[in-house]
Amino acid sequence: MLKVLKTLILACLLLTSLAFVFQEEPVSAKKADSKVKTVVIDAGHGGKDPGTRGRTTREKDVALSVALKLGRKIKDATPDVKVLYTRSTDVFIELGERSAFANRNNADLFISIHCNATPRSKSVRGTETFVMGLHKTEGNLEVAKRENSVILQETNYKQKYKGFDPDSPLAHIMLANYQSAFISSSLRFADQVEKKFQSVSGRDSRGVKQAGFLVLWRAAMPSVLIETGFLSTPDEEEYLASDDGQDEVADSILQAFRIYKKEMDQ
């Protein structure tokens, strides 16, 4: 009887150990199954293309500084995520190469950093996050036309972009039909970015918008273009040129990224 009892006890202990092993297995598998493993951060403009300008500030410089800060923050907060940059120095990168770089590296998210401007006012302020889509307003079209005009500095741009004319509204509308497969995830991340600009740094949010951007055109993953503020408005230019302001912008995007990654991994 005692022998049978010992055998039963050993069997129970063995089953308990096996149950613990099988219980732990899905946790490891869940970590390996993360849907956001690689992020490509794109600092808009660069090199011979300064982007828009403030009184003393160039878009390409602010975009690069914010992009590098954001990358460091993502690495520190989520070490399992691989962070890549389309540029880490002041060099000119063609628009098509930016998304191609993300595609070659199998990125799960593409974040393009920019600054806004308007010649009509020195008081317009706030952030905007764009996803690929149809232009809902003339203002959205103007932003897309300004950002897409960079291709005029590229050689053979008509051949590279299938005859795309950056001054044609119809061309931008046709362009917006791309990226439809990733629109839902892109909108999810964009929405979090604008929410965090408000809650983390108290910025004025101009909302999530859609427009046809060449830099997002062929990106085979969720993608957003973030306009971090208006260099044409003096106090916003001062904010975006400052180390504290850039750090705050990067932190807002980081907080949005952490929420997005958590939601995607569930």
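Q: Why is histidine 45 called buried?
A: The relative accessible area of histidine 45 is 5%, and buried means under 20%, exposed over 50% and partly exposed in between, with a 1.4 Å probe and protein chains only. Histidine 45 is therefore buried. This residue is found in the loop between β1 (38–43) and α2 (59–77), where helices (H or I, at least four residues) and strands (E, at least two) are DSSP runs numbered from the N terminus. The model is predicted, so local features need pLDDT of at least 70 and side-chain atom pairs pLDDT 80 or more, while totals for chains, interfaces and linings use all residues. Residues are numbered from 1 along each chain as its sequence is written, and side-chain values use heavy atoms, without hydrogens and water.

Q: What is noted about phi of histidine 45?
A: Phi of histidine 45 is near 65 degrees, which is a positive value in a residue other than glycine.

Q: Which value of phi does asparagine 106 have, and what makes asparagine 106 count as exposed?
A: Asparagine 106 likewise has a positive phi, near 50 degrees, and is a residue other than glycine. Its place is the loop between α3 (95–104) and β3 (109–116). Its relative accessibility is 60%, so asparagine 106 counts as exposed.

Q: What makes the pair of phenylalanine 130 and phenylalanine 213 edge-to-face?
A: Rings of Phe, Tyr and Trp (its six-membered ring) pair if their centres lie within 6.5 Å; planes under 30 degrees apart are stacked, over 60 edge-to-face and the rest tilted. By this rule there are two aromatic pairs. In the pair of phenylalanine 130 and phenylalanine 213, the ring centres are 5.1 Å apart and the planes stand at 70 degrees, so the pair is edge-to-face.

Q: Why does this pair tie together parts that are 83 residues apart in sequence?
A: Phenylalanine 130 belongs to strand β4 (residues 127–132), and phenylalanine 213 to the loop between β5 (205–211) and α8 (214–217), so the pair links parts 83 residues apart in sequence. Phenylalanine 130 is buried at a relative accessible area of 0%, and phenylalanine 213 is buried with a value of 0%.

Q: Why is the charged end of lysine 48 said to sit over the ring of phenylalanine 92?
A: A charge sits over a ring if NZ of Lys or CZ of Arg is within 6 Å of the ring centre and within 35 degrees of the ring normal. The charged end of lysine 48 is 4.7 Å from the centre of the phenylalanine 92 ring and sits over that ring.

Q: How do you know that α9 and α10 are roughly perpendicular?
A: Helix α9 (residues 234–241) and helix α10 (residues 243–265) pack at about 80 degrees, with axes 4 Å apart. Angles under 35 degrees count as roughly parallel, over 145 as roughly antiparallel, 65 to 115 as roughly perpendicular and the rest as oblique. The two helices, α9 and α10, are therefore roughly perpendicular to each other.

Q: Which residues of α9 and α10 meet?
A: Tyr239, Leu240 and Ala241 of α9 meet Asp243, Gly245, Gln246, Glu248 and Val249 of α10, contact being heavy atoms within 4.5 Å.

Q: Why is aspartate 80 called exposed?
A: Aspartate 80 has 52% relative accessibility and so counts as exposed. The residue is placed in the loop between α2 and β2 (82–85). Not counting residues up to four places away in sequence, aspartate 80 touches Lys37 and Lys261. Between the C-alpha atoms of aspartate 80 and lysine 37, 43 residues apart along the chain, the separation is 7.0 Å.

Q: What makes threonine 118 count as buried?
A: With a relative accessible area of 12%, threonine 118 is buried. This residue lies in the loop between β3 and β4. Leaving aside neighbours within four places in sequence, threonine 118 contacts Val124, Phe230 and Ser232.

Q: How do you know that leucine 216 is buried?
A: Leucine 216 has 0% relative accessibility and therefore counts as buried. Leucine 216 is part of helix α8. In the protein chain, buried residues make up 48% of the 266 residues.

Key
Axes are lines fitted to C-alpha atoms, for helices over the stretch in contact, and angles run from 0 to 180 degrees between N-to-C directions.
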